[in-house]
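This briefing sets out selected features of a single protein chain, grouped by topic. Please read the points alongside the sequence and the structure shown below.

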Amino acid sequence: MFKKILIANRGEIACRVIKTARQMGIQTVAIYSDADRNALHVRMADEAVHIGPPPANESYIVIDKVMDAIRQTGAEAVHPGYGFLSENAKFAEALEAEGVVFVGPPKKAIEAMGDKITSKKLAQEAGVSTVPGYMGLIKDAEDAVKISNQVGYPVMIKASAGGGGKGMRIAWNDDEAREGFQSSKNEAASSFGDDRIFIEKFVTQPRHIEIQVLCDAHGNGIYLGERECSIQRRNQKVIEEAPSPFLDEETRKAMGEQAVALAQAVDYTSAGTVEFIVDGDRNFYFLEMNTRLQVEHPVTELITGVDLVEQMIRVANGEPLTIKQSDVKLNGWAMECRLYAEDPYRNFLPSIGRLTRYRPPEEVSVAGAIVRNDTGVYEGGEISMYYDPMIAKLCTWGPDRAASIEGMRVALDSFEVEGIGHNLPFLSAVMDHPKFASGDITTAFIAEEYPDGFEGAELDEASLRRIAASCAAMHRVAEIRRTRISGRMDNHERKVGDDWNVAVKGSSYDVIIAARRGGATVTFADGGSVDVASDWTPGDHLARLDVDGAPLVLKVGKVSGGFRIRSRGADLKVHVRTPRQAELAARMPEKLPPDTSKLLLCPMPGLIVKVNVEVGEEVQEGQALCTVEAMKMENILRAEKRAVVSAINAGPGDSLAVDEVIMEFE
């Protein structure tokens, strides 16, 4: 077995590989850029080597710099993780020339299947059903428009060397094809150093289901079930699960056997994933093969008990698989939520900054489910603008889908993240969405269910009453504590009453609290009562309560006269007042937000790549105004209404902070 492995990656996947290597008794080497000098993967590894400036194309994807780190440390093998150089045949070739083992497939398999254009041609030759499209290289934007018309809109414009949703656009007309081609080409060049683009038909209402394969160098190949990856935004997966709630055993077997046959046709070794589009009749079409470990591999590990990183290392060491297809049993159900540094209240635009609070749920059994959190960050660390915005992958396992979802709901409510915008509220909202709970999902789920973006979850009346009762009980605890302050003047003892008013989300509840040790019974004016039990103490950021026998987890912040409560995707201000205070508060004027309707504000920290308009120009609704790049993604900002540009305050090359004014209108 190898004595030392270098991980040619960063973030959570580098940490993930280090954990398994450590369990196997293998020493690890991390590489890092200037931006990652204090990163978690650097702290975890036995050794660490600096490889350059923050941009990936000056550090993590520069083969010569990675090779220098290998030589410095004497690493015998390299695990590439995902992204960066993981599907780069030139990197595999450089390692082979150096006598270093690549923990992944052979160079020829990477070339054959890692390139989306080549892999589709091979799949067609092998008799695998593929999505219609144009597999040749596309010269320019006008050529892209011509080909898109031949294929028929809508089309998917994709980077040949792409992955992780980057270099990918859906076009519904000529203008979108023209814009999408250029943005995809730019993103592909920046992220992968390869700007080749191809176009295929976009299948509407599809499910994205993939098969995990594992092959060795001795002719053995198996599949470890499927993963449902249909919950996507901007073609980037957000929530994955295994198995799929849609497949039957017959379809699963057919897809698995086809995936293994395709892998073995190119002498594939190591772990890999064959991705399919599946329609409503369970017809499946080959999309691509990812010749690496997938981001969502933990859900497969949770339902099969197979450590995929360990298997990759053993296969790379020349060992035959000890697992046969008949040994693979799918046990229970697993969910994965990707926690991104993206602000759902700003249309999921990237967010950067320091994690002032980062407290994942404990990796134990929660609500009958097992919790696992794969992460690459820590409290006090910074989220950089240079890399993918994923912070962590929160996973739960349960004996069935319902138990796994319920475990995820509690785990998400228990996950504390402060200092940056993040998508925890959105993930919670999806877990509670009836359509998701039913398993009736497609890749259009987010676009269809949240067409106007995400503005927070709307809780039903029963949930609001539970929260109101909980806050009333918590407020009384805080009030009792305040009465016990030392140094009071004589005859100034403070009395805490039982009558209170709770205001939340436009509703007002008059309640009476009957307190007891460890909890209280809260009775509403309509006669209904709620029993609240908790050991919460003032100052705790997390309240774990038992409300009428059911668990409730609240993230608690302090606001004047009450709490800021976050639960199940909702962000609420809850005010608890005496009846007299409530009467006076109702007479207070409402403070309105400032008018920014005549300003174009930068929605996230980023770099201005292009300005499309000039001062004095009249713009129309939907017209492109400028392009902002952040976290390797290009974002086109468009006019919300007809207006005339009166001032342009930033130009190409300018780095802007959130809410800086880019343009003014009249």
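Alanine 520 stands opposite valine 532, a residue of strand E28. The model is a predicted one. Five bridges join strand E27, residues 519–524, to strand E28, residues 529–534, and the two run antiparallel.

**Barrel and packed helices**

- Eight strands close into a barrel in the order E25-E26-E27-E28-E29-E30-E31-E32, with antiparallel pairing.
- From one strand to the next, the twist averages 35°.
- Helix H12, which covers residues 401–413, packs on the sheet and touches strand E29 (542–547), strand E30 (550–559) and strand E31 (562–567). The direction of helix H12 makes about 20° with that of E30.
- Helix H16, residues 461–483, also packs on the sheet, where it touches strand E25 (499–504), strand E26 (507–516), E27, E28, E29, E30, E31 and strand E32 (570–577). The direction of helix H16 makes about 50° with that of E26.

**Aromatic pairs and cluster**

- The structure holds 15 aromatic pairs.
- The rings of tyrosine 60 and phenylalanine 84 are stacked, because their planes lie at 5° with the centres 5.1 Å apart.
- Tyrosine 60 lies in the loop between strand E3 (47–52) and helix H3 (63–73), and phenylalanine 84 in the loop between strand E4 (77–79) and helix H4 (89–98), so the pair ties together parts that are 24 residues apart in sequence.
- Tyrosine 60 counts as buried at 0% relative accessibility, and phenylalanine 84 counts as buried at 14%.
- Phenylalanine 91 and phenylalanine 102 form an edge-to-face pair, because their ring planes stand at 90°, with centres 6.2 Å apart.
- This pair links distant parts of the chain, eleven residues apart: phenylalanine 91 belongs to helix H4 and phenylalanine 102 to strand E5, residues 101–102.
- Phenylalanine 91 and phenylalanine 102 are both buried.
- One aromatic cluster is formed by Tyr345, Phe348, Phe426, Phe445, Tyr450 and Phe454.

**Charges over rings**

- The charged end of arginine 43 sits over the ring of tyrosine 378, at 3.9 Å from the ring centre.
- Arginine 465 lies over the face of phenylalanine 524, with 4.1 Å to the ring centre.

- Tyrosine 387 is placed in the loop between strand E22 (382–383) and strand E23 (390–398).
- Tyrosine 387 is buried, because its relative accessible area is 1%, where the cut-off for buried is under 20%.
- The side chain of tyrosine 387 makes a polar contact of 2.6 Å with the side chain of serine 33. The tyrosine 387 side chain also reaches the backbone oxygen of proline 54, at 2.5 Å.
- The C-alpha atoms of tyrosine 387 and serine 86 are separated by 16 Å, and the two residues are 301 residues apart along the chain.

- Asparagine 290 is placed in strand E14, residues 284–290.
- Asparagine 290 counts as buried, with a relative accessibility of 2%.
- The side chains of asparagine 290 and glutamine 294 are joined by a polar contact of 3.2 Å.
- Apart from its neighbours within four places in sequence, asparagine 290 is in contact with Glu87, Tyr268, Gly272, Thr273 and Glu275.

Conventions: Residues are numbered from 1 along each chain as its sequence is written. This is a predicted model: local features need pLDDT of at least 70, side-chain atom pairs count only at pLDDT 80 or more; totals for chains, interfaces and linings use all residues. Side-chain values use heavy atoms; hydrogens and water are left out. Helices (H or I, at least four residues) and strands (E, at least two) are DSSP runs, numbered from the N terminus. Buried means under 20% relative accessible area, exposed over 50%, partly exposed in between (1.4 Å probe, protein chains only). A polar contact is a pair of N or O atoms within 3.5 Å; within protein, one must be able to donate a hydrogen and the other to accept it, and residues adjacent in sequence count only if both atoms are side-chain atoms. Rings of Phe, Tyr and Trp (its six-membered ring) pair if their centres lie within 6.5 Å; planes under 30 degrees apart count as stacked, over 60 as edge-to-face and the rest as tilted. A charge sits over a ring if NZ of Lys or CZ of Arg is within 6 Å of the ring centre and within 35 degrees of the ring normal. Two strands pair if DSSP finds at least two bridges between them. Axes are lines fitted to C-alpha atoms, for helices over the stretch in contact, and angles run from 0 to 180 degrees between N-to-C directions. Contact means heavy atoms within 4.5 Å.
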